[in-house]
Amino acid sequence: MDVIAWQRLAKPDERQAHCFDYRTSICIQGKTVELKQQGFAICYHGHVHVFRNACPHAGSPLDWNPGEFFSEDGRELVCHTHHARFDPASGECLAGPCPHGLEVLPFHDHGDYLEVPAAIR
Ligand code: FES
């Protein structure tokens, strides 16, 4: 994964999330097609983690209400389509039909703000 452009994102508070859009491109029959993707950054136990907002089960966004990713007890991330649960620190699938965990995205922590991908090749 090569990040070819970065963007600023406000750092989320503890057990909060901030979403952002980024672009990827794929090659189909010799033509490059750009795709719009969404990621989200969370703060969990004081540490930031950034994931692609696509459930590994069926590809849908995890949050039905924008920005709501945590379970009620704040210990897990929940996909609201079929209720898979993920470890907020690693993205590992803890329960549900997912074949693997969430896709981790790179980021830079600059203290009061983050740099997250704007475009990935
Ligand atoms: S789409 Fe997330 S659990 Fe099915």
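**Exercise 1.** State the strand order of the open sheet of 3 strands and find its edge strands.

Solution. In this predicted model, the order is β5-β6-β7, and the pairing is antiparallel. Next, look for strands that pair on one side only: these are β5 (77–78) and β7 (93–95), the edge strands. Then turn to β6, residues 85–86, which is joined to β7 by 2 bridges. Within that pairing, Phe86 has Cys93 of β7 as its bridge partner.

**Exercise 2.** Describe the largest pocket by its space and its lining.

Solution. Start with the space: the largest pocket holds about 150 Å³. Then list the lining residues, which are Glu68, Phe70, Ser71, Glu72, Val78, His80, His83 and Arg85. Finally, sort the lining by class: 2 residues are nonpolar, 3 are polar and 3 are charged.

**Exercise 3.** Is Ser71 buried or exposed? Give its place in the chain and its surroundings as well.

Solution. First, locate Ser71 in the loop between β4 (47–52) and β5. Second, take its relative accessible area, 9%. The cut-off for buried is under 20%, so Ser71 counts as buried. Third, check its side chain: a polar atom there lies 3.4 Å from the backbone nitrogen of Arg75.

Conventions:
Residues numbered from 1 in each chain as written. Predicted model: local features only at pLDDT ≥ 70, side-chain atom pairs only at ≥ 80, totals over all residues. Heavy atoms only, no water. Pairing = 2+ DSSP bridges. Helix = DSSP H or I, 4+ residues; strand = E, 2+ residues; numbered from the N terminus. 1 Å grid on protein atoms, 1.4 Å probe; cavity = no way out; pocket = protein on both sides within 12 Å on 5 of 7 lines; lining within 4 Å. Points joined across faces, edges and corners; volume = space filled by probe spheres on them. Nonpolar A, V, L, I, M, F, W, Y, C, P; charged D, E, K, R; others polar. Buried < 20%, exposed > 50% of the residue type's maximum accessible area, 1.4 Å probe, protein only. Polar contact = N/O pair within 3.5 Å; in protein donor to acceptor, adjacent residues only side chain to side chain.
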